[in-house]
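Here is my note on the strands and the charged pairs. Please read it with the structure open.

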Amino acid sequence: MGINALKIKIRRQINRTLPPTGLLVLAFLFLPHLSFSQEEKKNIPDGTEGEVLQAGSEDYLKKKKPPNEFEGTYSTLKIGLGYIVDYGAYSQSAVFKQQMDSAGLVFRNKLETRDFRIIMGGVLKTKKTISWKIGFMYDGDQKIWFMRETGLTFGVPKLAGHIFVGRTKEGYSMIKVMNGHSGIAAERQMALDVIPILADGIKYFGFLPKSKIFWNLGYFNNILSTGQSFSTFTWQYVARVGWMPFYNKEKNRFMHIAANLRYGKPLDGKITLKSRPESNPAPQIINTGSFQTDHSSHIGAEFYYSTGKLTIGSEVMMHNFHSKEFEDHKFNGGEVMVSYLFTEAKRPYNTAGSIFGFVPVKKSVFKGGWGEWEAVLKFSSLDLDDGSIHGGKFWRFTPMINWYLSRAVRTEFVYGYGVLDRYNLKGNVQIFQARLQLSLF
(Lines give C-alpha, C1' and ligand atoms only; values in the text may rest on other atoms or scores of the structure.)
Protein backbone atom coordinates (compact mmCIF):
# COMPACT_ATOMS: atom_id res chain seq x y z
CA MET A 1 0.00 0.00 0.00
CA GLY A 2 1.40 3.44 -0.98
CA ILE A 3 1.99 6.26 1.52
CA ASN A 4 -0.86 8.39 0.12
CA ALA A 5 -3.27 5.45 0.20
CA LEU A 6 -2.25 4.70 3.80
CA LYS A 7 -2.78 8.35 4.83
CA ILE A 8 -6.23 8.37 3.26
CA LYS A 9 -7.13 5.12 5.01
CA ILE A 10 -5.96 6.48 8.39
CA ARG A 11 -7.87 9.74 7.89
CA ARG A 12 -11.08 7.95 6.92
CA GLN A 13 -10.77 5.66 9.92
CA ILE A 14 -10.32 8.65 12.24
CA ASN A 15 -13.31 10.44 10.69
CA ARG A 16 -15.43 7.33 11.26
CA THR A 17 -14.31 6.62 14.82
CA LEU A 18 -13.61 10.02 16.40
CA PRO A 19 -17.19 11.26 17.03
CA PRO A 20 -18.35 8.03 18.77
CA THR A 21 -14.99 7.77 20.53
CA GLY A 22 -15.43 11.33 21.75
CA LEU A 23 -18.85 10.42 23.14
CA LEU A 24 -17.39 7.41 24.94
CA VAL A 25 -14.66 9.60 26.43
CA LEU A 26 -17.29 12.08 27.61
CA ALA A 27 -19.38 9.29 29.11
CA PHE A 28 -16.31 8.04 30.99
CA LEU A 29 -15.37 11.49 32.24
CA PHE A 30 -18.86 12.65 33.09
CA LEU A 31 -19.85 10.08 35.70
CA PRO A 32 -21.77 10.99 38.86
CA HIS A 33 -19.78 13.54 40.79
CA LEU A 34 -17.46 12.52 43.61
CA SER A 35 -15.50 14.89 45.81
CA PHE A 36 -12.73 16.90 44.18
CA SER A 37 -10.75 19.84 45.45
CA GLN A 38 -7.73 21.94 44.65
CA GLU A 39 -5.88 24.41 46.79
CA GLU A 40 -7.01 27.48 44.87
CA LYS A 41 -9.24 28.53 42.04
CA LYS A 42 -7.49 29.11 38.72
CA ASN A 43 -8.28 29.77 35.10
CA ILE A 44 -6.96 27.20 32.65
CA PRO A 45 -6.74 27.78 28.87
CA ASP A 46 -9.43 25.95 26.94
CA GLY A 47 -7.33 25.40 23.85
CA THR A 48 -5.50 28.37 22.31
CA GLU A 49 -8.24 30.79 21.17
CA GLY A 50 -8.67 32.71 24.42
CA GLU A 51 -11.45 30.83 26.20
CA VAL A 52 -10.73 29.63 29.73
CA LEU A 53 -11.98 26.86 31.99
CA GLN A 54 -12.14 27.17 35.74
CA ALA A 55 -11.00 24.70 38.35
CA GLY A 56 -10.81 25.51 42.00
CA SER A 57 -11.62 24.83 45.59
CA GLU A 58 -14.59 23.05 47.13
CA ASP A 59 -16.11 26.48 47.64
CA TYR A 60 -16.14 26.91 43.86
CA LEU A 61 -17.73 23.48 43.42
CA LYS A 62 -20.58 24.42 45.77
CA LYS A 63 -21.38 27.60 43.85
CA LYS A 64 -24.15 27.62 41.30
CA LYS A 65 -22.61 27.12 37.91
CA PRO A 66 -23.85 28.27 34.49
CA PRO A 67 -26.25 25.82 32.81
CA ASN A 68 -23.57 24.77 30.31
CA GLU A 69 -21.01 23.75 32.95
CA PHE A 70 -21.00 20.40 34.76
CA GLU A 71 -18.92 18.55 37.32
CA GLY A 72 -17.85 14.92 36.75
CA THR A 73 -15.71 12.44 38.60
CA TYR A 74 -12.71 12.64 36.31
CA SER A 75 -13.26 15.94 34.52
CA THR A 76 -15.27 19.11 34.42
CA LEU A 77 -17.39 19.65 31.32
CA LYS A 78 -18.31 22.87 29.53
CA ILE A 79 -20.47 22.90 26.40
CA GLY A 80 -20.30 25.82 23.98
CA LEU A 81 -22.36 26.82 20.98
CA GLY A 82 -21.84 29.50 18.36
CA TYR A 83 -23.90 30.66 15.39
CA ILE A 84 -23.42 33.55 12.95
CA VAL A 85 -25.75 34.61 10.16
CA ASP A 86 -24.88 37.38 7.66
CA TYR A 87 -26.84 39.47 5.23
CA GLY A 88 -24.80 41.17 2.53
CA ALA A 89 -25.88 43.69 -0.12
CA TYR A 90 -23.61 45.27 -2.73
CA SER A 91 -23.57 48.35 -4.95
CA GLN A 92 -21.10 47.95 -7.83
CA SER A 93 -19.73 50.55 -10.19
CA ALA A 94 -19.93 49.85 -13.93
CA VAL A 95 -16.17 49.20 -14.05
CA PHE A 96 -16.36 46.80 -11.10
CA LYS A 97 -19.14 44.86 -12.85
CA GLN A 98 -16.91 44.64 -15.91
CA GLN A 99 -14.11 43.24 -13.74
CA MET A 100 -16.48 40.65 -12.26
CA ASP A 101 -17.56 39.61 -15.77
CA SER A 102 -13.89 39.10 -16.67
CA ALA A 103 -13.41 36.96 -13.56
CA GLY A 104 -16.62 34.99 -14.13
CA LEU A 105 -17.99 36.10 -10.75
CA VAL A 106 -21.41 37.34 -9.68
CA PHE A 107 -22.28 39.46 -6.64
CA ARG A 108 -25.69 38.64 -5.19
CA ASN A 109 -27.45 40.08 -2.17
CA LYS A 110 -27.90 37.14 0.16
CA LEU A 111 -28.62 35.91 3.66
CA GLU A 112 -26.50 32.94 4.71
CA THR A 113 -25.06 31.06 7.66
CA ARG A 114 -21.49 32.16 8.28
CA ASP A 115 -20.59 29.84 11.12
CA PHE A 116 -22.18 27.17 13.31
CA ARG A 117 -19.98 25.43 15.85
CA ILE A 118 -20.33 23.11 18.83
CA ILE A 119 -17.55 23.00 21.43
CA MET A 120 -16.99 20.70 24.40
CA GLY A 121 -14.13 21.01 26.84
CA GLY A 122 -13.06 20.41 30.39
CA VAL A 123 -10.28 20.13 32.96
CA LEU A 124 -9.06 16.66 33.91
CA LYS A 125 -8.86 16.02 37.64
CA THR A 126 -5.21 15.11 37.69
CA LYS A 127 -2.22 16.45 39.60
CA LYS A 128 -0.88 17.95 36.40
CA THR A 129 -2.95 20.67 34.72
CA ILE A 130 -4.53 19.13 31.64
CA SER A 131 -7.55 20.41 29.73
CA TRP A 132 -9.24 18.84 26.72
CA LYS A 133 -11.34 20.22 23.90
CA ILE A 134 -13.45 18.86 21.04
CA GLY A 135 -14.88 21.18 18.40
CA PHE A 136 -17.15 20.67 15.38
CA MET A 137 -18.09 23.35 12.87
CA TYR A 138 -20.44 23.66 9.91
CA ASP A 139 -18.67 25.42 7.06
CA GLY A 140 -21.16 27.71 5.32
CA ASP A 141 -18.96 27.85 2.21
CA GLN A 142 -18.28 24.14 1.76
CA LYS A 143 -21.64 23.06 3.25
CA ILE A 144 -19.92 20.40 5.35
CA TRP A 145 -19.11 19.65 8.99
CA PHE A 146 -15.47 19.37 10.04
CA MET A 147 -13.42 19.36 13.22
CA ARG A 148 -12.36 22.68 14.67
CA GLU A 149 -9.88 23.09 17.53
CA THR A 150 -9.60 19.64 19.13
CA GLY A 151 -6.87 18.35 21.42
CA LEU A 152 -5.18 18.50 24.82
CA THR A 153 -3.58 21.46 26.61
CA PHE A 154 -0.85 20.65 29.13
CA GLY A 155 0.23 23.18 31.73
CA VAL A 156 4.02 23.46 31.99
CA PRO A 157 4.63 25.98 34.81
CA LYS A 158 8.39 25.36 34.79
CA LEU A 159 8.37 26.60 31.19
CA ALA A 160 5.97 29.46 32.02
CA GLY A 161 3.31 28.32 29.58
CA HIS A 162 1.23 25.59 28.01
CA ILE A 163 1.63 22.99 25.30
CA PHE A 164 -1.28 22.15 22.99
CA VAL A 165 -1.36 18.94 20.95
CA GLY A 166 -4.03 18.47 18.30
CA ARG A 167 -5.84 20.63 15.75
CA THR A 168 -5.70 24.37 16.36
CA LYS A 169 -4.81 27.79 14.97
CA GLU A 170 -1.14 27.99 13.98
CA GLY A 171 -0.45 31.08 16.08
CA TYR A 172 0.47 33.52 13.31
CA SER A 173 -1.23 36.89 14.08
CA MET A 174 -3.30 37.88 17.09
CA ILE A 175 -6.41 38.39 14.96
CA LYS A 176 -6.01 34.97 13.32
CA VAL A 177 -5.61 33.18 16.67
CA MET A 178 -8.55 34.85 18.41
CA ASN A 179 -11.90 33.11 18.49
CA GLY A 180 -13.79 34.35 15.42
CA HIS A 181 -16.74 35.22 17.64
CA SER A 182 -14.66 37.66 19.71
CA GLY A 183 -13.21 39.60 16.77
CA ILE A 184 -13.29 43.39 16.66
CA ALA A 185 -14.31 43.56 12.99
CA ALA A 186 -16.75 41.35 11.11
CA GLU A 187 -13.99 39.56 9.18
CA ARG A 188 -10.23 39.15 9.48
CA GLN A 189 -8.12 41.20 7.10
CA MET A 190 -7.56 39.79 3.58
CA ALA A 191 -3.80 39.31 3.99
CA LEU A 192 -4.47 36.63 6.62
CA ASP A 193 -6.32 34.45 4.10
CA VAL A 194 -2.91 33.20 2.95
CA ILE A 195 -2.49 31.49 6.35
CA PRO A 196 -4.62 28.32 6.82
CA ILE A 197 -7.35 28.67 9.43
CA LEU A 198 -6.40 25.38 11.13
CA ALA A 199 -3.52 22.92 11.33
CA ASP A 200 -2.64 19.66 13.10
CA GLY A 201 0.43 19.61 15.30
CA ILE A 202 1.96 20.89 18.52
CA LYS A 203 2.09 24.44 19.88
CA TYR A 204 3.93 25.88 22.88
CA PHE A 205 2.71 29.25 24.14
CA GLY A 206 3.60 31.24 27.23
CA PHE A 207 4.03 34.57 29.02
CA LEU A 208 6.61 35.93 31.51
CA PRO A 209 4.82 38.33 33.92
CA LYS A 210 7.94 40.20 35.01
CA SER A 211 9.56 40.86 31.66
CA LYS A 212 6.18 40.78 29.85
CA ILE A 213 7.58 38.71 27.01
CA PHE A 214 5.24 36.27 25.28
CA TRP A 215 5.64 33.64 22.61
CA ASN A 216 3.97 31.00 20.48
CA LEU A 217 6.05 28.26 18.80
CA GLY A 218 4.53 25.53 16.67
CA TYR A 219 5.09 22.71 14.21
CA PHE A 220 2.26 21.37 12.05
CA ASN A 221 1.73 18.87 9.21
CA ASN A 222 -1.11 17.55 7.05
CA ILE A 223 -0.93 13.81 7.83
CA LEU A 224 -4.53 13.78 9.10
CA SER A 225 -5.96 16.73 7.18
CA THR A 226 -5.06 16.09 3.52
CA GLY A 227 -8.06 16.79 1.32
CA GLN A 228 -9.70 19.27 3.69
CA SER A 229 -10.17 22.82 2.41
CA PHE A 230 -7.80 24.41 4.95
CA SER A 231 -4.96 21.95 4.23
CA THR A 232 -2.76 23.86 1.77
CA PHE A 233 0.65 23.03 3.29
CA THR A 234 2.48 19.73 3.79
CA TRP A 235 4.20 21.09 6.89
CA GLN A 236 4.92 24.45 8.51
CA TYR A 237 6.90 25.98 11.40
CA VAL A 238 5.45 29.06 13.10
CA ALA A 239 6.80 31.52 15.66
CA ARG A 240 5.12 34.52 17.26
CA VAL A 241 7.22 36.45 19.78
CA GLY A 242 6.39 39.75 21.44
CA TRP A 243 6.73 42.16 24.32
CA MET A 244 4.42 44.39 26.33
CA PRO A 245 6.18 47.66 27.25
CA PHE A 246 3.48 48.11 29.91
CA TYR A 247 0.46 46.18 31.15
CA ASN A 248 -1.99 47.26 33.85
CA LYS A 249 -4.43 44.39 34.34
CA GLU A 250 -6.75 46.28 36.71
CA LYS A 251 -7.24 49.23 34.32
CA ASN A 252 -6.82 47.03 31.24
CA ARG A 253 -4.21 49.38 29.79
CA PHE A 254 -1.39 47.92 27.75
CA MET A 255 0.83 48.10 24.71
CA HIS A 256 1.52 44.96 22.66
CA ILE A 257 4.30 44.55 20.08
CA ALA A 258 4.98 41.27 18.29
CA ALA A 259 6.66 39.68 15.28
CA ASN A 260 5.34 36.69 13.33
CA LEU A 261 7.53 34.26 11.41
CA ARG A 262 6.44 31.26 9.36
CA TYR A 263 8.19 28.76 7.09
CA GLY A 264 6.29 26.06 5.20
CA LYS A 265 6.11 23.67 2.27
CA PRO A 266 2.98 24.13 0.10
CA LEU A 267 1.07 20.95 -0.70
CA ASP A 268 2.14 19.20 -3.94
CA GLY A 269 4.55 22.03 -4.78
CA LYS A 270 1.85 24.52 -5.72
CA ILE A 271 -0.65 26.90 -4.14
CA THR A 272 -3.51 29.26 -4.94
CA LEU A 273 -3.98 32.52 -3.00
CA LYS A 274 -7.39 34.18 -3.03
CA SER A 275 -9.58 36.39 -0.90
CA ARG A 276 -13.05 37.84 -0.53
CA PRO A 277 -13.50 41.58 0.05
CA GLU A 278 -13.90 40.88 3.81
CA SER A 279 -17.55 40.01 3.30
CA ASN A 280 -18.36 36.32 3.51
CA PRO A 281 -21.44 36.34 1.22
CA ALA A 282 -19.25 37.84 -1.55
CA PRO A 283 -17.13 35.82 -4.02
CA GLN A 284 -13.31 35.72 -3.98
CA ILE A 285 -12.48 38.74 -6.13
CA ILE A 286 -8.66 38.55 -6.03
CA ASN A 287 -7.07 35.26 -7.04
CA THR A 288 -3.56 34.28 -8.15
CA GLY A 289 -4.62 31.01 -9.71
CA SER A 290 -2.44 27.98 -9.05
CA PHE A 291 1.32 28.57 -9.25
CA GLN A 292 4.43 26.47 -8.59
CA THR A 293 6.36 26.92 -5.33
CA ASP A 294 8.75 24.75 -3.33
CA HIS A 295 8.53 26.53 -0.01
CA SER A 296 7.32 29.78 1.52
CA SER A 297 8.41 32.23 4.19
CA HIS A 298 6.14 34.73 5.91
CA ILE A 299 6.92 37.67 8.16
CA GLY A 300 4.51 39.92 10.01
CA ALA A 301 4.38 42.61 12.68
CA GLU A 302 1.69 43.48 15.25
CA PHE A 303 1.10 46.61 17.29
CA TYR A 304 -1.79 47.21 19.70
CA TYR A 305 -2.42 49.91 22.28
CA SER A 306 -5.48 49.78 24.51
CA THR A 307 -7.00 51.75 27.36
CA GLY A 308 -9.74 49.15 27.63
CA LYS A 309 -12.28 51.41 25.94
CA LEU A 310 -10.03 52.70 23.14
CA THR A 311 -8.06 50.22 21.06
CA ILE A 312 -5.63 51.12 18.29
CA GLY A 313 -4.01 48.32 16.34
CA SER A 314 -2.22 47.34 13.17
CA GLU A 315 -0.91 44.16 11.58
CA VAL A 316 1.19 44.07 8.41
CA MET A 317 2.70 41.07 6.66
CA MET A 318 4.65 39.82 3.67
CA HIS A 319 4.24 36.38 2.09
CA ASN A 320 7.19 35.05 0.05
CA PHE A 321 6.94 31.98 -2.18
CA HIS A 322 10.13 30.45 -3.52
CA SER A 323 10.77 28.07 -6.41
CA LYS A 324 13.93 26.43 -7.80
CA GLU A 325 12.61 26.12 -11.36
CA PHE A 326 10.05 28.94 -11.59
CA GLU A 327 9.59 32.54 -10.45
CA ASP A 328 9.74 33.62 -6.84
CA HIS A 329 6.75 35.67 -5.74
CA LYS A 330 6.13 38.22 -3.02
CA PHE A 331 2.73 39.42 -1.80
CA ASN A 332 1.94 41.89 0.97
CA GLY A 333 -0.95 43.38 2.87
CA GLY A 334 -2.09 44.71 6.20
CA GLU A 335 -4.60 46.69 8.20
CA VAL A 336 -4.92 49.51 10.68
CA MET A 337 -7.93 49.85 12.96
CA VAL A 338 -9.39 51.93 15.78
CA SER A 339 -12.25 50.90 18.06
CA TYR A 340 -13.99 52.66 20.91
CA LEU A 341 -16.47 51.28 23.47
CA PHE A 342 -18.97 54.01 24.36
CA THR A 343 -20.45 52.19 27.34
CA GLU A 344 -18.88 50.83 30.53
CA ALA A 345 -17.25 47.68 29.12
CA LYS A 346 -13.54 47.26 28.45
CA ARG A 347 -12.06 44.82 25.97
CA PRO A 348 -10.12 42.21 28.00
CA TYR A 349 -6.63 40.92 27.20
CA ASN A 350 -5.68 37.30 27.83
CA THR A 351 -2.00 36.89 28.73
CA ALA A 352 -2.16 33.08 28.44
CA GLY A 353 -2.49 33.40 24.66
CA SER A 354 -1.55 37.09 24.29
CA ILE A 355 -4.84 37.86 22.54
CA PHE A 356 -8.06 39.80 23.09
CA GLY A 357 -11.04 38.08 24.69
CA PHE A 358 -14.81 38.57 24.58
CA VAL A 359 -16.21 41.99 25.50
CA PRO A 360 -18.09 41.64 28.82
CA VAL A 361 -21.63 43.01 29.04
CA LYS A 362 -22.48 44.61 32.38
CA LYS A 363 -26.23 44.94 31.87
CA SER A 364 -27.86 43.21 28.95
CA VAL A 365 -30.79 44.48 26.91
CA PHE A 366 -32.79 41.50 28.20
CA LYS A 367 -32.40 42.81 31.76
CA GLY A 368 -33.34 46.40 31.04
CA GLY A 369 -29.91 47.69 30.09
CA TRP A 370 -28.39 49.08 26.91
CA GLY A 371 -25.84 46.36 26.43
CA GLU A 372 -22.47 47.59 25.13
CA TRP A 373 -21.88 49.74 22.03
CA GLU A 374 -18.67 49.90 20.02
CA ALA A 375 -17.61 51.92 16.95
CA VAL A 376 -14.86 50.59 14.66
CA LEU A 377 -12.89 52.16 11.80
CA LYS A 378 -10.65 49.94 9.72
CA PHE A 379 -8.51 50.15 6.57
CA SER A 380 -7.08 47.00 4.98
CA SER A 381 -5.44 45.93 1.73
CA LEU A 382 -3.93 42.94 -0.08
CA ASP A 383 -1.77 42.93 -3.20
CA LEU A 384 -1.73 39.66 -5.18
CA ASP A 385 0.17 41.07 -8.18
CA ASP A 386 3.79 40.05 -8.66
CA GLY A 387 5.80 39.19 -11.78
CA SER A 388 3.72 37.01 -14.10
CA ILE A 389 0.91 36.69 -11.54
CA HIS A 390 -1.91 39.23 -11.80
CA GLY A 391 -4.23 38.22 -8.98
CA GLY A 392 -5.36 41.79 -8.35
CA LYS A 393 -5.10 44.43 -5.63
CA PHE A 394 -7.92 45.40 -3.33
CA TRP A 395 -8.22 47.92 -0.53
CA ARG A 396 -11.19 48.57 1.70
CA PHE A 397 -12.27 51.23 4.22
CA THR A 398 -14.75 50.00 6.84
CA PRO A 399 -16.74 51.91 9.47
CA MET A 400 -19.00 49.69 11.58
CA ILE A 401 -21.01 49.47 14.80
CA ASN A 402 -21.00 46.51 17.18
CA TRP A 403 -23.94 46.18 19.58
CA TYR A 404 -23.43 43.60 22.34
CA LEU A 405 -27.00 43.02 23.49
CA SER A 406 -25.89 40.49 26.09
CA ARG A 407 -22.99 38.22 26.87
CA ALA A 408 -24.28 35.79 24.25
CA VAL A 409 -25.91 38.02 21.61
CA ARG A 410 -24.13 40.47 19.33
CA THR A 411 -25.19 42.37 16.22
CA GLU A 412 -22.99 44.19 13.70
CA PHE A 413 -23.84 46.89 11.18
CA VAL A 414 -21.10 47.20 8.59
CA TYR A 415 -20.38 49.53 5.67
CA GLY A 416 -17.45 48.98 3.34
CA TYR A 417 -16.05 50.94 0.44
CA GLY A 418 -13.45 49.13 -1.64
CA VAL A 419 -11.45 49.58 -4.83
CA LEU A 420 -10.30 46.67 -7.01
CA ASP A 421 -7.31 47.07 -9.32
CA ARG A 422 -7.45 44.14 -11.77
CA TYR A 423 -7.57 43.52 -15.55
CA ASN A 424 -6.01 46.98 -16.07
CA LEU A 425 -9.14 48.53 -14.58
CA LYS A 426 -10.06 50.13 -11.27
CA GLY A 427 -13.59 49.61 -10.06
CA ASN A 428 -15.29 50.28 -6.75
CA VAL A 429 -17.88 48.43 -4.71
CA GLN A 430 -19.94 49.44 -1.68
CA ILE A 431 -20.75 46.75 0.87
CA PHE A 432 -23.71 46.85 3.24
CA GLN A 433 -23.75 44.06 5.79
CA ALA A 434 -25.63 43.07 8.92
CA ARG A 435 -24.79 40.22 11.26
CA LEU A 436 -26.49 38.40 14.12
CA GLN A 437 -24.18 36.37 16.33
CA LEU A 438 -24.95 33.95 19.18
CA SER A 439 -21.95 32.96 21.31
CA LEU A 440 -22.42 30.63 24.26
CA PHE A 441 -18.84 29.86 25.27
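1. A salt bridge here is a side-chain nitrogen of Lys or Arg within 4 Å of a carboxyl oxygen of Asp or Glu. The model is predicted. R347 and E374 form such a salt bridge, with their closest N and O atoms 2.1 Å apart. R347 sits in the loop between β20 and β21, and E374 in strand β23, so the pair ties together parts 27 residues apart in sequence. Both R347 and E374 are buried.

2. The count comes to 17 salt bridges. One of them joins E71 and K125, at 2.9 Å from N to O. This pair links distant parts of the chain: E71 is in strand β3, K125 in the loop between β5 and β6, 54 residues apart. E71 counts as buried because its relative accessibility is 12%, under the 20% cut-off. K125, at 17%, counts as buried too.

3. R435 and E187 also meet in a salt bridge, 2.9 Å from N to O. R435 is in strand β26 and E187 in the loop between α4 and β10, 248 residues apart. R435 is buried at 6% relative accessible area; E187 is buried at 14%.

4. Which residues are linked in a network of salt bridges? They are D86, R114, E187, R410, E412 and R435.

5. Now the strands. β18 (residues 295-306) runs antiparallel to β19 (residues 310-322), joined by 12 bridges. Y305 stands opposite I312 in β19. The two strands form a hairpin with 3 residues between them, and G308 in the turn has a positive phi of about 100°.

6. β19 also pairs with β20 (residues 329-341), antiparallel, over 12 bridges. F321 has H329 in β20 as its bridge partner. This hairpin has 6 residues between its strands.

Technical notes:
Residues numbered from 1 in each chain as written. Predicted model: local features only at pLDDT ≥ 70, side-chain atom pairs only at ≥ 80, totals over all residues. Heavy atoms only, no water. Pairing = 2+ DSSP bridges. Helix = DSSP H or I, 4+ residues; strand = E, 2+ residues; numbered from the N terminus. Buried < 20%, exposed > 50% of the residue type's maximum accessible area, 1.4 Å probe, protein only.
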